[in-house]
Amino acid sequence: GQIRWHGKDRTAFIEKLVVGDIASLPAGSGCLSLITNAQGGIIDDTVITNAGDYIYMVVNGATKFGDMKHFKEQLEQFDGDVSMEYLEESMQLFAVQGPGAAEAVKKLLPDGFDLTSMAFMTGTDTTLDGIKGCRITRCGYTGEDGFEIAMPAEHAVSIASKLISDSTVNPTGLGARDSLRLEAGLCLYGNDIDANTTPTEAALGWTMGGPKSRRRLEGGFIGAENILKPDGKFKAISRKRVGIMGMKAPARDHTEIYDASGENKIGEVTSGTFSPCLKKPIAMGYVEKDASKAGTEVLLKIRGKMQKAEVTKMPFVESRYYRVPE
């Protein structure tokens, strides 16, 4: 779901919805942020970009209707100049990901467009294959370099056809994206984060900034009092999201996690797969805070049998986000 936010108070309004520092985003820059509920749980994760005269937001397609309902409820309570332009039917979005993404996308961009100096998590309005009203953002959810490109819906098929006519571009489904995002240690909404998970439990406290950052000290977003202390420190949590490796068979979501004795259940897997890059099973899930340190030995109950595994840091595969040459 794509949204443009307009009005002089748009930033103040969005900072009520999300945990991130939107006011400090330079024009063209974006960030990953979290939309929270009154309990501090995560309604959705979102990429927000300061597009200059408007704010551009992308939310998950699977949660967009609930998000819109939440936004409208908050708009009714907000006393300020802000409006939401929901691009429900008018715009489409493609993700082009991987080491060859820049060369592939470059063929659609106008002459002189400099991708070399386009940093990760920045975006701009542009033309694609000569079509006006498009937008490109250097981002994605694979741990690789890549782009999300948006275009008027009536031109989506022609731009997609142009992309896949390139022999270096392969169409792929969400299954491949899911294994890549898991290798990169990234959360899938509905599996690894949901309305009952706080940013700190999900190891996403960094989206609020450092201990002395404005958002940590001021709060001001919905549910902040359930996440932050008045001094900006995080409130205590009882569980934490971790990576898990070492098991012989893949551990799927809802696999039970036990301590090394096998007597005490300490958590549950939320995502798991066989890593195509590492050629071994990987998983992420939630364990009791005391068991969240990397190197902690655990047991996973896979198909009724206990398998040895170990808590590990993420990402499992080193991310290769683009860095502008110095």
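**Ground rules.** I am working with a predicted model, in which local features need pLDDT of at least 70 and side-chain atom pairs count only at pLDDT 80 or more, while totals for chains, interfaces and linings use all residues. I number residues from 1 along each chain as its sequence is written, and side-chain values use heavy atoms, with hydrogens and water left out. Helices (H or I, at least four residues) and strands (E, at least two) are DSSP runs numbered from the N terminus, and two strands pair if DSSP finds at least two bridges between them.

**Around S12.** I noted that strand S12 (residues 265-275) is mostly covered, since eight of its eleven residues are buried; buried means under 20% relative accessible area, exposed over 50%, and partly exposed in between (1.4 Å probe, protein chains only). On the S13 side, Ser275 stands opposite Lys280, and the hairpin of S12 and S13 has four residues between the strands, with Lys279 in the turn at a positive phi of about 60 degrees. S12 also pairs with strand S11 (residues 256-259), in the antiparallel sense and over three bridges. There I found Gly267 of S12 as the bridge partner of Ile257. The S11 and S12 hairpin has five residues between its strands, and Gly262 in this hairpin takes a positive phi near 80 degrees.

**Around S2 and S3.** Is S2 enclosed or open, and why? Six of its seven residues are buried, so S2 is largely enclosed by the rest of the structure. I then followed S2 to S3, with which S2 pairs in the antiparallel sense over seven bridges, and I recorded Val47 in S3 as the bridge partner of Leu32. The hairpin of S2 and S3 has five residues between the strands, and Gly40 in the turn has a positive phi of about 90 degrees. Asn50 also lies in strand S3 and is buried, with a relative accessible area of 18%. Leaving out residues up to four places away in sequence, Asn50 touches Leu25, Pro26, Ala27, Gly28 and Ser29, where contact means heavy atoms within 4.5 Å.

**The nonpolar cores.** A nonpolar core is a set of buried Ala, Val, Leu, Ile, Met, Phe, Trp, Tyr and Cys residues joined through side-chain atoms within 4.5 Å. In the largest one, which has 19 residues, I found that Trp5, Ile14, Ile22, Met57 and Phe71 touch the most other members. At least two residues of this core come from each of strand S1 (2-6), helix H1 (10-17), strand S2 (30-36), strand S3 (42-50), strand S4 (55-59) and helix H2 (64-77). Another core of 18 residues lies apart from it, and among its members are Leu108, Met118, Ile136 and Ile159. Returning to Trp5, I listed its contacts beyond four places in sequence, including Arg10, Phe13, Ile14, Tyr54, Met57, Phe71 and Val82. For H1 itself, the buried residues are Arg10, Phe13, Ile14, Glu15 and Leu17, and what covers them includes S1, S2, S3, S4, H2 and helix H6 (214-218).

Asp129 has a positive phi of about 55 degrees, sits in the loop between S7 and strand S8 (131-137), and counts as partly exposed at 32% relative accessibility. I also noted that the peptide bond from Met314 to Pro315 is cis, with omega near 5 degrees, and that Pro315 is found in the segment after strand S15 (305-312).
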